[in-house]
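Keep the viewer open as you read.

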Amino acid sequence: MEKDNVTKMKRAGTSELSRFIEFSLGQEDYAIPLLMVREVISVPDTTPIPKSPTHFLGIMNLRGQVISVVDLRKKLKVDARQDKEEAVIIVDIGGMNIGVVVDSINKVLAFSSEDVSEMPEVEHQINTHFIFGVYKKENSLTVLLDIAKVLDLKDMEAISGTKRAA
């Protein structure tokens with residue numbers, strides 16, 4: 001489990017607020033650190049790449065830069081909502097920009113580490129290594145994702161044929 005991330009947040013001090021962008025996949029809410037988000041755009045036309053995984057939609061041109069686009073719902077095996085307002089979050093992971101398709105953008109969250117719980121232990125067959133915590137709000141929970149682990153950059157680099165920027 002990624003308890004280290006929650007522990008680091010708690011050691012940083014409860015007075016310091018963490019900022020995340022919250023989005024929906026299916027009926028659930030997820031969030032990633034706002035500092036990793038470059039921008040949010042509408043779903044663009046993509047060019048498919050032959051023999052790529054089903055969650056890889058293809059590549060797109062964003063102001064002259066070729067960016068890989070992944071459907072986060074398919075990657076995490078979540079059914080898309082019917083009433084969705086799809087969006088693409090462009091994330092910067094180690095200098096590499098990747099677009100992730102989500103059902104909708106909800107809001108920017110600001111919370112202290114005391115509002116975050118570690119991911120509870122689950123059956124060892126279930127892969128939850130990409131979840132580093134759960135934010136407890138009034139009547140619901142938001143799963144905090146380690147987006148680099150979700151996207152598995154080695155696979156993304158192989159698919160897109162790109163290399164990380166130095």
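**Starting from strand 6**

Begin with strand 3 (residues 37-41) and strand 6, which pair in the antiparallel sense over 4 bridges. To find the pairing in the viewer, pick isoleucine 41: its bridge partner in strand 6 is valine 88. Keep in mind as you go that this is a predicted model.

Now turn to the strand 7 side. Strand 6 and strand 7 (residues 96-102) run antiparallel and are joined by 7 bridges. Here aspartate 92 stands opposite asparagine 97 in strand 7. The two strands form a hairpin with 2 residues between them, and in that hairpin glycine 94 takes a positive phi near 60°.

So how enclosed is strand 6? Of the 7 residues of strand 6 (residues 87-93), 6 are buried, so the strand is largely enclosed by the rest of the structure. Buried here means a relative accessible area under 20%.

Where does a parallel pairing come in? Look at strand 5 (residues 65-71) and strand 7: they run parallel and are joined by 4 bridges. A handy landmark is aspartate 71, which stands opposite valine 101 in strand 7.

**A glycine in strand 7**

Stay in strand 7 and find glycine 99. Is glycine 99 buried or exposed? Glycine 99 is buried, with a relative accessible area of 0%. What does it touch, once neighbours within four places in sequence are left aside? Glycine 99 is in contact with Ile67, Ser68, Val69, Val70, Val88, Ile89 and Ile90.

**A buried arginine**

Next, move to helix 2 (residues 72-75), where you'll find arginine 73. Arginine 73 is buried, with a relative accessible area of 5%. What does its side chain meet? A polar contact of 2.8 Å joins the side chains of arginine 73 and glutamate 86.

Stepping back, the chain has 4 helices and 11 strands. Of its 166 residues, 44% count as buried. Among the chain's contacts with a separation of 6 or more, 60% come from residues 24 or more positions apart. The accessible surface comes to about 9,400 Å², and carbon and sulfur atoms hold 49% of that.

As for confidence, the mean pLDDT of the chain is 83, with 77% of its residues reaching 70 or more. Confidence is highest in strand 3, at 97, and lowest in helix 1 (residues 3-11), at a mean of 51. Over residues 10-14 the pLDDT stays under 50, and the model has 6 contacts beyond four places in sequence for that stretch. Residues 162-166 also have a pLDDT below 50, and this stretch has 7 contacts in the model beyond near neighbours in sequence.

Key. Residues numbered from 1 in each chain as written. Predicted model: local features only at pLDDT ≥ 70, side-chain atom pairs only at ≥ 80, totals over all residues. Heavy atoms only, no water. Buried < 20%, exposed > 50% of the residue type's maximum accessible area, 1.4 Å probe, protein only. Pairing = 2+ DSSP bridges. Polar contact = N/O pair within 3.5 Å; in protein donor to acceptor, adjacent residues only side chain to side chain. pLDDT = per-residue confidence, 0-100. Contact = heavy atoms within 4.5 Å. Areas by Shrake-Rupley, 256 points an atom, 1.4 Å probe, with all protein chains shown as cover.
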